[in-house]
Amino acid sequence: MIAVLFARRDSAYKKYQGLDVYDAERNAYTFKGGVPVIAHPPCRAWGKLSHMANPRPGEKDLALYALGIVRTYGGVLEHPKGSKLWKDQNLPTGNETDEHGGFTLEIDQYDFGHVAPKKTLLYIVGITRDQLPPLPPKNTAIPTRSIAGNIKGTKRCTQYQREYTPDALIDFLVTICNSVVAAQQEVV
């Protein structure tokens, strides 16, 4: 079993077997632990444009909660490149590994089938970098959409398009968590 924290209500994660999905209604704070997680905490309070954001009370704390859960049970925390969470919490960058065995992988969700280029940071705990599944090939197609509509010749993504997780990325994240489970079983 793998838990998915902070999923959209209409998340594609819900169609996958073996995933325990927590959306806003289910409340990730009710997660009991014991299994690796894929965490997608809200990013607007941490993003490059956080000074213009209007997060709900306590929303910024969700990323800190998710970070603690990933460090305790293993798994992946996903946030946009440029998230201030990395600096605030001294998360590793480049080839660094932190005291929790965590490391950061930068990806572009466009390579996983997202409709727009979307640079993303993955903080991963529970496996080593050499245990990562292979990354998909670089998507060299010219995009027709961009997250903010600020790339010439593109249209701005809808809110759904900005927030959804492509199936190929879900598969990648689930594979990482399955490797975390296997690594944890080897220790026992």
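Me: Why is Phe31 called buried?

Reply: In this predicted model, Phe31 has a relative accessibility of 9%, and since buried means under 20%, Phe31 counts as buried.

Me: What makes the pair of Tyr22 and Phe31 edge-to-face?

Reply: The ring centres of Tyr22 and Phe31 are 5.8 Å apart, which is within the 6.5 Å that a ring pair requires, and their planes stand at 85 degrees, where over 60 counts as edge-to-face; therefore the pair is edge-to-face. Tyr22 is itself buried, at 5% relative accessibility, and the charged end of Arg26 sits over the ring of Tyr22, 3.8 Å from its centre.

Me: Why is the pair of Tyr160 and Tyr164 called stacked?

Reply: The planes of Tyr160 and Tyr164 are at 10 degrees, with the ring centres 5.5 Å apart, and because planes under 30 degrees apart count as stacked, this pair is stacked.

Me: What makes Asp111 buried, and where is its place?

Reply: The relative accessible area of Asp111 is 18%, which is under the 20% cut-off, so Asp111 is buried. Its place is in the loop between strand 5 (103-108) and strand 6 (119-125), and, leaving aside neighbours within four places in sequence, Asp111 is in contact with Pro136, Pro137, Lys138 and Asn139.

Key. Residues numbered from 1 in each chain as written. Predicted model: local features only at pLDDT ≥ 70, side-chain atom pairs only at ≥ 80, totals over all residues. Heavy atoms only, no water. Helix = DSSP H or I, 4+ residues; strand = E, 2+ residues; numbered from the N terminus. Buried < 20%, exposed > 50% of the residue type's maximum accessible area, 1.4 Å probe, protein only. Contact = heavy atoms within 4.5 Å. Phe/Tyr/Trp six-rings, centres within 6.5 Å; stacked < 30°, edge-to-face > 60°. Lys NZ or Arg CZ within 6 Å of the ring centre and 35° of its normal.
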